[in-house]
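Dear colleague,

Please find the structure below, handed over for your reference.

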Amino acid sequence: MDTRALFGMNLPELTEMMSELGQKPYRARQVFEALYKQRVTGVEEMTTLSVALRSELVQAGWSVELPEMVQTATSVDGTERYLMRMADGETVETVWMPDGDGGERGDGSEAAVEEASETETAEEAVAGVKSDGGYWSRRGEGRARSNFGTLAENGFRRATICISSQVGCAVNCQFCLTAKLGIRRNLTAGEIAGQVAAVLNRHNIQIGKDRINLVFMGMGEPFLNYDSFMKSVMLLVEGIGIPESRMTVSTSGILPGIEAFAKETVRPKLALSLNASNDVVRERIMPITRKWDIAALLEAVQKIPLRTREWVTFEYVLLGGVNDQPEHAREVLDLLAGMRAKVNLIVWNPGPGIDYVQPKPGDVAVFQKMLIDGGIATYIRRPRGRDIYAACGQLKRTVAEPELVVIGAAAI
Ligand code: SAH
Ligand code: SF4
């Protein structure tokens, strides 16, 4: 008997399913609450339903079907990386970062205001970059450790969960380990939101009490799986109860996706992986630029109606000697002039078989200072969990898989 996944269904779908079983609509609401508010892991835990109805659901082949955590790795900085197995055996990675990654600072959101008031001012955060001669402030690192796995002094936990949207990725960015997998398939909305539920359950998180930010920055390109991504957002907002102001989706620049996103009423914040200051460099490191160039992407981004205190984030992976020089910083300033933009600099995280070098700390500092002096709020994302391959661009399933389908950007 095939199992049918309940997790991932929205209220109208559950209502229809219940009506097919001859049940009243309020039963659908009860299942919805059990799945997303109580985050049950099996039909037998849906105690608001009668025993008879529960067994009828099971008989009909229904099950909750949350992704299963099959491996975990824990970093010295408290970050955890999970290998999540879906019902068909495909796996993706999900990352838990206690205390965030610093990227939420200064983005004008609710999360940023809280972050700044609890920790340090934006200026301090920026100044922190050089305080220990490395890429980021040690203060952040210490907090991450002390906050891990325990309740903070004032009784809540704060963390960022990084979720995957596809098994692999088709976009083929030259600096990214996920690209090496090629694309195997899209995740369903249930599989995307299910990663969040599984991680929340692991850490016994109480939504409303603990502060959870979500970033759609794991494996895959969310805008090439647009409908499932947006459906997962609705489940996370209306079901699980995480406000969309605490979510950020990152895209490599899928123009039709950005255009559709601009029309959504309930949507996360946007981060665009700019990663280069001109099309020549960008084409080299992100071949998809041949399809949609920087000018087209920026034009589309500017059409997104921003909410109060909302900024668009531009991610910029610094690759030593490739895009990290002062002339590049000047070009970035020209590109972003007049936009409500902030920049998140990401020091490139190395991976096997990828032929780039990390930028020199001095070059990172100069790059950041030039952008700040040019009037753009610029932050450095703390690399989290680098030792366990959980940092940006390092996600790649660690189990062996035969026959990976590699599709380059040209095939999109
Ligand atoms: N596919 C989406 C989201 C996932 S990647 C996107 O590309 O935007 C999330 C971020 O990690 C992107 O900004 C990407 O440019 C960055 N990234 C990819 N590989 C990286 C690496 N090896 N080191 C640092 N950042 C990397
Ligand atoms: Fe895909 Fe993003 Fe990696 Fe590019 S950076 S290959 S879009 S996951």
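**The aromatic residues**

F229 is buried, as its relative accessible area is 0% (buried means under 20% relative accessible area, exposed over 50%, partly exposed in between, with a 1.4 Å probe and protein chains only). Y226 also counts as buried, because its relative accessibility is 13%. The model is a predicted one, in which local features need pLDDT of at least 70, side-chain atom pairs count only at pLDDT 80 or more, and totals for chains, interfaces and linings use all residues. Residues are numbered from 1 along each chain as its sequence is written, chains are lettered from A and ligands numbered from 1 in the order in which they are written, and side-chain values use heavy atoms, leaving out hydrogens and water.

Across the whole structure, ten aromatic pairs are found (rings of Phe, Tyr and Trp, the last by its six-membered ring, pair if their centres lie within 6.5 Å; planes under 30 degrees apart count as stacked, over 60 as edge-to-face and the rest as tilted). The pair of Y226 and F229 is edge-to-face because the ring centres are 6.1 Å apart and the planes stand at 70°. F216, F223, Y226, F229 and F261 form one aromatic cluster.

**R27**

R27 is buried yet has no salt bridge (a side-chain nitrogen of Lys or Arg within 4 Å of a carboxyl oxygen of Asp or Glu). The nearest side chain of opposite charge, E56, is 9.2 Å away from R27 (Lys and Arg count as positive, Asp and Glu as negative; His and the chain ends are not counted).

Yours sincerely
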